[in-house]
Amino acid sequence: MVGVFKIKKKNNDFTAKVMELSGENINLCEQCGICTTSCPMADDMDITPSQIMHLVKIGDESVLQTEAIWFCASCYSCTVRCPRGIDLSKVTEALRAMLLRKGINKVELEDIGEKEKEIPTIALVSISRKFTG
Amino acid sequence: MIKMRLSYYPGCTLKQYAKNFEKSTLVTAEILGIELVELPRWNCCGAVASLTSDNLMYHIGAVRNLVRVENMIFAGEISDNRLVTLCSMCFNVLKRSNKRFREDDDMRERINMYLERDGENRYGGGVEVVHFLEILRDEIGFENIKKKVVKNLGNLKISPYYGCTLLRPREIGIDDPEEPKIMENLVTALGGKVVENPYKKFCCGNYYTLGKNKKIVVERTRKIIEAARKFGADLIITSCPLCQFNLDRRQELVKEYYPKFKYMPVLYFTQLMAIAFGSIEEAGLEDNFVNPIDLLKDKGVI
C-alpha cells in the first residue's frame, strides 16, 4: 500500500456507499491501529483491520476481495476501544453485505451438515446470517 | 425472600443443545424466589445483530418477541416490564433491536406497520431486555445468593469466561467491557475461588465452529483454556451456549490437533449455582461433553 494513490470519483462513490451502509464516518479514522491490536482474528487475516479502514477511506474496492472482511466475527473488541468512536464491526458488515446482496455466498449450507451429530442451532443460524445472502 | 414473576425468552439453543442451561436456571431461579414465565409464543431473535443501516427486515423477529412481552405486561401476567434472557447472543440481539427501535422513528413506524399487517399488536417500546446475571446482581443481590449456598465450593478454582456479546458494545453490555466483575462476584458469593483469565473477553471463534475453518475455533479454545489452566483454574463458567459449545465440545478437536491437551470442564454459571444450592440432579451435568463429576468429587463438593 505504499505509493501515491489518486482518488477518483469512483473511489469516492465506494467510500460513500460503505459509509451509508454502515452508518459510520470512516473519515474519522486516523490509522492509530488500536483496532488491529485488539482484534482476536488479526493473526489469521490477510490484511489487518486498520488496513481495511485505510482501503475503504481511499475508496479502494480491492478490499472486497480480502479474506479479512469475513474473518471479522463482530466481537466488538475494536468497537469498544476505537478512540474515534468508529464501530468497525458495522464497516465490515457493510462490506460483506455488498457481496452477499449480489448473491455471493461465503459458505454453502450443504457443506455444514457434515458428520456433526449435534450442533447448536445458534451456530447454524449465525453462520447462515453472516455468510449467505 | 422476594417473589417475582418475570417474562423469559429462552431462544432456540436452550431448547436443543443447551437444555442443561435452561434446566439449571429454572431450578436456581425458583430457589431464589423468581418465577420465569416463558413467552407463550416466541420466535428466533436472529442470533447475530443486524448491523447494516438500511435493513430493517432482520429486526422484525426480535421486535415481535418484545410485542409478546408487552401483551403479558398489559394482561398483568408478570411483575414488571423486564424480559429475562439467558443466552448472551439473544440478550445482545434483543437489547440492540429494542434500543434502535426506540431511537429510530423511521424504523419504529415501518416495523409497527408490518406487525399490524401481520395481525400483531404494535410495539410501544416499553420492554427492558435484561440478562439473568443482572437479575442476580441487581434484584436478588449476591449477599442473598450466599445465604442459599449449601455445598462447599471452597476448593474449586473457577475462571469466568465472558466472551463478546454479554459485554460489548459498551451501551449494551451488562458490565464494564474491559474489567467485568459480575461473574467473579457471583463465584465469590457461591464460595468458590476466582481465577483471573486474561482471555476471558477473547472471542471463541463464534460460528467458525462450522464449515471448513474450524481450526480458528480450535486455536482460540486452546488459548482460552490453557490460559485458565496456567492461572490455576479447575473449571470455566460461561453464559453463552455457543461459547460453551466451542469451549466444551470442541475440546475433542483440540485434542486431535494437540494430543497432549488435557480436558477442562466448562459449565454454565447456573450449573455452578445449582451445584452450590445442592440441586446437583437439576444441574444437567451429564450433558456436558467434559464431565465435571470426578472433579467435583475430588474437590469435596459432592
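**Chatting through the predicted model**

Modeller: Let's start in chain B, where helix H1 (residues 19-31) lies across strands E1 and E2, running at about 140° to E2(B). Keep in mind that this is a predicted model.

Colleague: Thanks! Which strands form the sheet with E1 and E2 of chain B, and in what order?

Modeller: Four strands of chain B make up an open sheet, in the order E2-E1-E3-E4, with parallel pairing. The edge strands are E2 (34-38) and E4 (128-131) of chain B, each of which pairs on one side only. Ignoring direction, neighbouring strands of this sheet are turned by 45° against each other on average.

Colleague: And how many bridges join E1 to E2 in chain B?

Modeller: Five bridges join strand E1 (residues 4-9) of chain B to E2(B), and the two run parallel. If you want a spot to look at, B:Met4 stands opposite B:Ile34 in E2(B).

Colleague: What about the sheet that holds E5 of chain B, what is the strand order there?

Modeller: That open sheet has four strands of chain B in the order E6-E5-E7-E8, and the pairing is parallel. Strands E6 (193-194) and E8 (266-268) of chain B stand at the edges with a single partner strand each, so one side of each has no neighbour in the sheet.

Colleague: How many bridges join E5 to E6 in chain B?

Modeller: Two bridges join strand E5 (residues 157-160) of chain B to E6(B), and these strands run parallel. In this pairing, B:Lys157 stands opposite B:Lys193 in E6(B).

Colleague: Which strands does helix H9 of chain B touch?

Modeller: Helix H9 (residues 241-249) of chain B packs on the sheet and touches strand E7 (235-238) and E8 of chain B. The direction of H9(B) makes about 160° with that of E8(B). Helix H11 (residues 269-276) of chain B also packs on the sheet, touching E5, E7 and E8 of chain B, and its direction makes about 80° with that of E8(B).

Colleague: Switching to helix against helix: at what angle do H2 and H4 of chain B cross?

Modeller: The axes of helix H2 (residues 57-74) and helix H4 (residues 105-117) of chain B cross at roughly 70° and come within 11 Å. H2(B) and H4(B) are therefore roughly perpendicular to each other.

Colleague: Which residues make that contact?

Modeller: From H2(B) you have B:His59, B:Ile60, B:Val63, B:Arg64 and B:Val67, and from H4(B) there are B:Met107, B:Ile111, B:Tyr114 and B:Leu115. Sorted by type, the contact of H2(B) with H4(B) has seven nonpolar residues, one polar and one charged.

Colleague: I see B:Arg64 in there. What does B:Arg64 form a salt bridge with?

Modeller: With B:Glu120, and the closest N and O atoms are 3.8 Å apart. This pair links distant parts of the chain, 56 residues apart: B:Arg64 is in helix H2 of chain B, while B:Glu120 sits in the loop between H4 and E4 of chain B. Over all chains, the count comes to 34 salt bridges.

Colleague: Okay, on to the two chains. How many residues does each give to the contact?

Modeller: Chain B gives 44 residues and chain A gives 42. The area buried between them is about 3,700 Å², with carbon and sulfur atoms giving 60% of this. B:Leu51, B:Tyr207 and B:Leu210 supply 21% of the area that chain B buries against chain A, more than any other three residues.

Colleague: How many salt bridges are there across the interface of chain B and chain A?

Modeller: Three are found there. One salt bridge to look up is B:Arg220 with A:Asp44, whose closest N and O atoms are 2.8 Å apart.

Colleague: Last one, about the backbone. Where is B:Pro169, and is its peptide bond from B:Arg168 cis or trans?

Modeller: B:Pro169 lies in the loop between E5 and helix H7 (182-190) of chain B. The bond from B:Arg168 to B:Pro169 is cis, with omega near -5°. In chain A, have a look at A:Gln31 too: its phi is near 60°, a positive value in a residue other than glycine. A:Gln31 lies in the loop between helix H1 (9-22) and helix H2 (34-38) of chain A.

How values were computed. Residues numbered from 1 in each chain as written. Chains lettered and ligands numbered in written order. Predicted model: local features only at pLDDT ≥ 70, side-chain atom pairs only at ≥ 80, totals over all residues. Heavy atoms only, no water. Pairing = 2+ DSSP bridges. Contact = heavy atoms within 4.5 Å. Axes fitted to C-alpha atoms, helices over the stretch in contact; angles between N-to-C directions. Parallel < 35°, antiparallel > 145°, perpendicular 65-115°, else oblique. Nonpolar A, V, L, I, M, F, W, Y, C, P; charged D, E, K, R; others polar. Buried area = accessible area lost by both parts, 1.4 Å probe. Salt bridge = Lys/Arg side-chain N within 4 Å of Asp/Glu carboxyl O.
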